[in-house]
Amino acid sequence: MANIAVARIKREFKEVVKSEEVAKCHIKVELVDDSFTSLRGEILGPPDTPYEGGTFILDIRIPETYPFNPPKVQFLTKIWHPNISSVTGAICLDILKDQWAAAMTLRTVLLSLQALLAAPEPDDPQDAVVARQYKETSDIFSQTARHWASNYASAPHREPVMDDKVAQLKNMGFDEHKARVALSTHNWDIEQAMENILS
Amino acid sequence: MSSYYDEHDCSPLADGERPNHMLHLARLLIDGGYASDLDMEFENLFSGEKKAPPASKKVVEDLPKIPVSPADVSKNTQCPICRADFELGETMLQMPCNHHFHSSCINPWLERTNSCPVCRHELPTDDPDYEEYKRHKARKVQRDFELESLHDSMFG
């Protein structure tokens, strides 16, 4: 790896560790190994959103050409959000693509992702199903996102009705995650969700 | 009294010069409200590929290079790209927006795109199509402003 990339990640690391967001436990970065090319990020779900209080883990890959090209970031924690794939965790965010600038850092990327959780952009979706639900039935979207956050990101606010429906399908022998995806996709209609899993 | 040419913001034709009918037609279309179609045309041409071209080589060569001063060092001024502190004996390259970088850090960036990595201030490029696109965007802003002020003067 080119020297500038490693040297900069090392300097950034110190900066993130000292930052006040880390002090308040809002963001975190850790090394996965000692190569400085593969990192693990963590963001706290922002207040007054369905993600509030959840811990979302990110996989961060530093390209050799960093900081002239953006880091490759995706969610490892499953999340229900219009701009994040509920299947792969891939993120649709302009600064991680053509709007990247060499002065941006791991810290600004993590803060931007936190801002994305607080302000989805459904007109530039990564997950079309979630984006449609966000636009058409925003109440169901919020509850679904909160349900996913409580189950996958240890967020404190549960959605008992949705938990029950997932449990019902699970008791019938369906895979829990598959049941959750099918229910979320079909606005929590159990019959439609079952049809979807069985088809 | 101002002359016809001043009032209409144009200049008389030179000897042997013929009127540019295409230009007049274009202006007529824009003034006639076809500008929004033209905007779409430009969007179609450029939106697929928003990435701006590299900065003009000449402009980059001519950017001022200034020595790092003891004041910069005592303030721990950093190069925003490599994030290392500037040190005495080094030179900094100064962008028109007053942001400073190591030449070896900013040059690879300006070979990719034309904007300041800190504030996105755009340098001129060597790409005529992109320059035309930028002028078009500026004219659109100006048009919107004029329309707005005209509207305000009538109904404000």
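Start by selecting residues 161–199 of chain A, where UniProt, in an unreviewed entry, places the feature "domain: UBA". Helices (H or I, at least four residues) and strands (E, at least two) are DSSP runs, numbered from the N terminus.

Some ground rules before you click on. This is a predicted model, so local features need pLDDT of at least 70 and side-chain atom pairs count only at pLDDT 80 or more, while totals for chains, interfaces and linings use all residues. Residues are numbered from 1 along each chain as its sequence is written, chains are lettered from A and ligands numbered from 1 in the order in which they are written, and side-chain values use heavy atoms, with hydrogens and water left out.

Now show the side chains of A:Asp163 and A:Arg158. They meet in a salt bridge, 3.0 Å from N to O. (A salt bridge is a side-chain nitrogen of Lys or Arg within 4 Å of a carboxyl oxygen of Asp or Glu.) Are these two buried or exposed? A:Asp163 counts as buried at 17% relative accessibility, whereas A:Arg158 is partly exposed at 43%. Buried means under 20% relative accessible area, exposed over 50%, and partly exposed in between (1.4 Å probe, protein chains only).

Stay in chain A and pick A:Lys28, A:Glu30 and A:Glu42, which are linked in a network of salt bridges. Over all chains, the structure holds 15 salt bridges.

Next, select A:Asp94, A:Asp98, A:Glu121 and A:Asp124: together they form a negative surface patch. Patches are made of residues with over 30% relative accessible area and no salt bridge, with like charges joined within 9 Å and nonpolar side chains (Val, Leu, Ile, Met, Phe, Trp, Tyr) within 5 Å. Asp and Glu count as negative, Lys and Arg as positive, and His and the chain ends are not counted. Zoom in on A:Glu121, in the loop between helix H3 (106–118) and helix H4 (128–136) of chain A. A:Glu121 counts as partly exposed, at 46% relative accessibility.

Which side chain does A:Glu15 meet in a salt bridge? Show B:Arg83: the pair is 2.6 Å apart, N to O. A:Glu15 sits in helix H1 (residues 3–18) of chain A and B:Arg83 in the loop between helix H4 (70–74) and strand S2 (91–94) of chain B, so this pair joins two chains. A:Glu15 is partly exposed at 24%, but B:Arg83 is buried at 15%.

You'll find six helices and three strands, in the order α-α-α-β-α-β-β-α-α along the sequence. Of the 156 residues in chain B, 26% are buried.

In helix H6 (residues 128–155) of chain B, B:Arg135 and B:Glu132 are three residues apart, about one helical turn. Their side chains meet in a salt bridge (3.2 Å, N to O). B:Arg135 is partly exposed at 45%, and B:Glu132 is partly exposed at 29%.

For the last stop, select B:Arg120, in the loop between helix H5 (103–110) and H6 of chain B. Its relative accessible area is 34%, which makes B:Arg120 partly exposed.

Key
Areas by Shrake-Rupley, 256 points an atom, 1.4 Å probe, with all protein chains shown as cover. Charge placed at Lys NZ, Arg CZ, Asp CG, Glu CD. UniProt positions renumbered as here; feature names shortened; annotations may be inferred.
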